[in-house]
Amino acid sequence: MNDPGVATQARGRGDALMLGWLRGYRAAWLPHDIVAGVTLAAYAIPVSLAYAALAGLPPQVGIYGYLLGGIGYALFGSSRQLAVGPTSAISLMIAVSVGAMADGDMQRYAQIASLAALTVATLCVLSWLLRLSVIALLISDSILVGFKIGAGFTIAMTQLPGLFGVPGGGHNFFERLYVLAGQIGDIQVLVLAIGVIAIGLLLFGERWLPGRPVALVVVAVAILLAIGLGLSARGVPVTGEIPSGLPSLSLPALRLRDVEGIVPLAAGCLLLAYVEGVSAGRTFAAKHGYRLDMRQEFLGIGAANLATAFGQGYPVAGGLSQSAVNDKAGAKTPLALVFASISLAICLVYLTDLLENLPKAVLSAIVLTAILGLFDFRALAHMWRVSRLDFNAAVIALVAVLLLGILHGILLAALACVALLLMRVSRPHVAFLGRIPGTQIYSDMARHPDNEPPQNAMIVRPEASLIYVNSAAVLEAIEQRLRSAGTSGIRLMVCDLSASPFIDLAGSRMLHDLHAALGRRGIMLRIVGAHSYVRDFLRAEGLGEKVGVIDRAVTIHELIVAVER
């Protein structure tokens, strides 16, 4: 439901880079933000522990991400419901990429992960300065569907060994699958039973108790059972010691020049963080009736990662699942993130002794249930039915992630988006028009075969801007139509540019070439329907001197009637 107070607040914040949401804050919102913050913290504790394990980092580092990242985002972010913390995809990207950079040195591993967060913050500031919010459009929805499915399979394959109680191994999905298949005989039944029961309880809670901190209850029960039954002594892997207290704040010990490949890693993390965060932020902005400032989101994500880097954390992002928890709990503003951070700080000071008895199989279960939303097979099937081009693009992204991993997969997915865009633009539909019987309206004869073809004329309508990537294809389509239809009796070609809002020099040159080719056949060329910018451009290019008046008042029907007389 739209909140007029939030909407008004959002409209008035355009000139505020920091704490824009604080202007016009209402006292009535405070209880909602407090409840939402405590609820978000209850959700974040088990999830952050699981994602830190996925990233190959100590469990407390995941909590640092929520604690510090939330405060950073609250200072500069423009979404009122977006919750910031570790995500599954970025956690896996860190695990896969940083492992090779650290060369087995765990201290260096943690330092590189922290440096990645600082580099993300730096890239965010640069992106804000350069107004690069267009990168949110760099990955299409179809590509994102395939990427998420591939990421889901990859993440699942990293968690199954922990669920089965085997070491696992491998560098990509297929290697991990092969290694896991060879370790099936070594499955620890007790570990598997714990994990399966945890998955069952989590799924039950998600289905019947939505919005409740079910994962936290599962974690608490698992800890009590682990202590009471002595599961650690029975060979069940547990989280182990978690240092108590708040994170110490300092810059990462390493610098950019110390780690080769850190910038591409950070760029991949930023791309994931921005696309996912903006997507989630837009959802809640539309729901509550305010505008998400896409450029401002760079500062929000940057501040979150800067704060996390100071606490020796790894890159964080806004995610749909944690944001949905925040929203359902009643969050009105980012102050909810501050209350979540306070709750997490209390947990770090007083409750870490309990968390060290948490079975790792439960963490694997939390990750496996958390990624179920990534598997959008319904959208994939819809693309198969409606657009094979989008389906193929999604499959490319899916396979790229499975073969190359998260980082290279997301970069290849971005390239695939650009290639998909070029493919669509470079081969536009060229419609050949006929008159709708009994009217003066002309439409595509391919879609409406009952249209009346014009006598002694041909009408063509390129259905795209005429630019360098498609002008040759448009000319080729017209010449092919002339060859197939024959030019006998054709005295006029009418080029309808009503569906071409933009033209460049290559497009203008194509029209010059078309005029010359038609002239050799004794056919006149006239242009109608051109938009104001296109008319001015064509006149400046001297085309009006060749084809006659290029005017908005000239219609297709007038020209056809004149040539048919």
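Axes here are lines fitted to C-alpha atoms, for helices over the stretch in contact, and angles run from 0 to 180 degrees between N-to-C directions. The model is predicted, so that local features need pLDDT of at least 70 and side-chain atom pairs count only at pLDDT 80 or more, while totals for chains, interfaces and linings use all residues. Residues are numbered from 1 along each chain as its sequence is written, and side-chain values use heavy atoms, with hydrogens and water left out.

Helix α2 (residues 30–55) packs against helix α3 (residues 59–76) at an angle of about 130°, and their axes are 7 Å apart; helices are DSSP runs (H or I, at least four residues) numbered from the N terminus. In contact (heavy atoms within 4.5 Å), Tyr43, Ala44, Val47, Ser48, Leu49 and Ala52 of α2 meet Pro59, Gly62, Ile63 and Tyr66 of α3.

| Residue | Relative accessible area | Class |
|---|---|---|
| Thr333 | 0% | buried |
| Thr119 | 5% | buried |

Thr333 lies in the loop between α12 (320–328) and α13 (335–350). Leaving aside neighbours within four places in sequence, Thr333 is in contact with Trp21, Tyr25, Trp29, Asp33 and Arg80. Thr119, by contrast, is found in helix α5 (residues 106–129), and, with neighbours within four places in sequence again left aside, Thr119 is in contact with Leu256, Ile262, Val263 and Ala266.

Conventions
Helix = DSSP H or I, 4+ residues; strand = E, 2+ residues; numbered from the N terminus. Buried < 20%, exposed > 50% of the residue type's maximum accessible area, 1.4 Å probe, protein only.
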